[in-house]
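This briefing is intended for a reader meeting the structure for the first time. Please keep the sequence and the model in view while reading the points below.

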Amino acid sequence: MSDIEDAGLLTIAHSTSSAFFELDLNTLEVKIKSGVSLSPGDHSMTFTVTDPCARWSSGILTIRVENDPPVITSLATSSSTTISEDLSAETLLHTLDVTDTQPTTCKPLFTGVPFVIKRISGSTKFGIFLSTGASLDYDAQNAYVLDLSCTDTYDDTAGVYTVYLIRNEADVSAIDIGRCGMYVQNLLLAEFNIILQSNPSLQYDLVRTYRIDIQCSDGRRPDSSVFFMNVLRNKPPVFLNLQNITSVSSIATYIGQIVFDVDISDPENDQVEFSMFCVPSTNCPFEIYHYINYVPVIKNLPLPSALVVSENSALGLSIFQVSIQDNDGADTHTYTMTSFPSDGVLYFDINPSNGLFSTSSSTNINFEGVSSTSFTFTITVTDTKDSASQNLSISIVNQNEAPVFTKKAYALSVDEGVAGTTLADPSYLFQDEDNGDTHKFSMTCASNVGYFSIAPTTGFISLTTNIDVDAAGSATSFTCTVVVSDGSFTDSASLTITVNNINDNTPRFSNNLFTYYLDINYPLNSVFGSTIATDADTGPFGNFIYSIDQTALGTETFGIQANGDLYLKNSLTSYGYGSSISFTVQATDTGSLQGTATVFIVIPQTTTTTTTTTDRPITFWEYPANPAWVIIAGILGLIIMVLPCYMCYKNGFSCTWRGRPGDYHEKLQEPSETDPSYLFQDEDNGDTHKFSMTCASNVGYFSIAPTTGFISLTTNIDVDAAGSVTSFTCTVVVSDGTFTDSASLTITVNNINDNTPRFSNNLFTYYLNINYPLNSVFGSTIATDADTGPFGK
């Protein structure tokens, strides 16, 4: 407003009230009322201005409150899903995430399909659901394009969600990685791109969805599928600083002077065009000049999840291609990146000219060596004027690496010995870059199976069988292969085991006792017998020498040659006829192990001067022990003959057993009866009752007294006999002559101690040398007891 004459004397008033705006009379500024929330739409305010002469003028100010439409953020990252045609239960397919300052609701723009949009139970969000009882048929329709809308009551935002069906087929156990050139590992993505043609002229109001039928082949068989492309409605640009007002001096202006910068924002970063109309339109002194640099946009970042890269991936391996959009087609772009943690740039590179993200060409990725297994790379693209950045997350995964023996040959030695002997610690040297791996050891020894075993956890070696290198054909050296495994990979090393020959066998004589009969005048220095010893050891430990221990004789009467032959060194006359003497022969090996045997010399009684009597047997009474045992045998024989007569006398010369009653009731039929104490009743007083009994297949063992019901043995019962029964189940029947009743009766036969232990012979006779070694077994007396159970011990 202007009034040159009454400047400063004008009165300004707001003639109509507004729910949202008010006039500040001090500053004459229109302000938003405190504590109100603006409602989108046009809001008008009428103002009047009055001068001191009561002249006035009025004007209308229209304030447009623009609403930001809802933004369906979830469809930007997930606009489709795939379900089986077999699915029929109500299923949440997608949660609609909507951003708006106002409360929003979402609704379907589709009908006649088995899908609904409704609020998710327990949440403020809406979801796309498969309807309960849906009947899906891949052959009839293999995809559904669902149009939907979300509104905040002022503006609507449309969206499209596509549901693809999977045919009900058997599970596929493998993917043909050659199909369409796709290799789905994290190594190489040889992709075929669907490209938007130049100047496509897409119009949302005419065509919203394009169905693209795709077929590809690996040279042997084709495959086909369907791809749906949804067209999104273009969002208009928004003025950021209009409406506005500025002043231009008519004196200081010049052609081309910028009088105002119009700021706009386009949600899709579209290329925009400006146009301007003047009021009045005649000879408009202004024009709008458009020069704007379009900021490049990274289209395929960030990703929904981190890219997975395996350690030890090939150097220079392509991982990800950054894709950008820049409406300034002639701009040159440069790509750079930073990493957190910072050492990520050691393991990954980005091509500065084309944005190809790859592994480093010089540094290998070692899972155990990186500072972190998760890296975030901030990738920046610049067109020299503006730049854009997005994050790319990389996750390093561990690969199992094989354990490696750093020492490939080992040697152990062990003395020959018994099974279970553990050899010394092999001290294996191996490394495994996978920290925490559990290692197991195994071993093979070619054809030498069964000699050694290896502890799986420690790798210690043990003998699994007795090893005696003295046995014919025994090996003393074994070459084995030790294998270490982490469960997936293995490495091996050689192990040589040497078995040492030790002095583990004592020389042994062929007999423990050698007996010779020598005439008292046997010639000196003449061999009269041989004591042969052997040593099972091989090598030097198998050599031994003979010697004699005759200290008890007080003189060196006898001698022994190197081959074990015995000879007489001094006369026997000092011992006299009928004498017997003994001494010890010894065989001592080079390891000081010694075997012994006793030599017994008998000098027969004779008056002849024959030179030798070694071939004449000693007479019965010449052997000192014989008279003694004859006397003992005579005494025992006398006792045996007298004992039966004494027993007959004690028993009154009768064959009837007079021992304790019941001692033999198992074997002898007992005349006594046992009262079973039957309990029965009969209402007919005076009835006479008879008893009978059956015992199934056990016939002939028991009988029942008909009048008393008492049970008796009808045959001898011996539970010690093989196959004998100790429990009998019988049925007892009581009868009044017309009617009967029955009851069960169990009879248990007790095992008693009714058998005396008996020796296999009444007399055992043994012949012992007078110098027989103490504590040495010379015979056996065998006894048996016919009783079973504890009484048979």
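In this predicted model, Glu-90 has a relative accessibility of 41% and therefore counts as partly exposed. Glu-90 is paired with Lys-118 in a salt bridge, with the closest N and O atoms 2.8 Å apart. The points below set out this pair, two further pairs and the chain as a whole.

**Glu-90 and Lys-118**

- Glu-90 sits in the loop between strand 7 (80–84) and strand 8 (91–96), whereas Lys-118 belongs to strand 11 (residues 115–119).

**Arg-64 and Asp-42**

- A salt bridge also joins Arg-64 to Asp-42, and the closest N and O atoms of this pair are 2.8 Å apart.
- Arg-64 lies in strand 5 (residues 56–65) and Asp-42 in strand 4 (residues 41–50), so the pair links parts that are 22 residues apart in sequence.
- The relative accessibility of Arg-64 is 57%, which places Arg-64 among the exposed residues, since exposed means over 50%.
- Asp-42, at 45% relative accessibility, counts as partly exposed.

**Asp-213 and Arg-211**

- The side chains of Asp-213 and Arg-211 form a salt bridge as well, with an N to O distance of 3.1 Å.
- Asp-213 is exposed, at 55% relative accessibility.
- Arg-211 is partly exposed, at 49% relative accessibility.

**Salt bridges in total**

- How many salt bridges does the count come to? The count is nine, and the pair of Lys-118 and Glu-90 is one of the salt bridges described here.

**The chain as a whole**

- The secondary structure of the chain consists of two helices and 51 strands.
- The chain has 793 residues, and 29% of them are buried.
- Among the contacts in the chain with a separation of 6 or more, 61% are between residues 24 or more positions apart.

Methods
Residues numbered from 1 in each chain as written. Predicted model: local features only at pLDDT ≥ 70, side-chain atom pairs only at ≥ 80, totals over all residues. Heavy atoms only, no water. Salt bridge = Lys/Arg side-chain N within 4 Å of Asp/Glu carboxyl O. Helix = DSSP H or I, 4+ residues; strand = E, 2+ residues; numbered from the N terminus. Buried < 20%, exposed > 50% of the residue type's maximum accessible area, 1.4 Å probe, protein only. Contact = heavy atoms within 4.5 Å.
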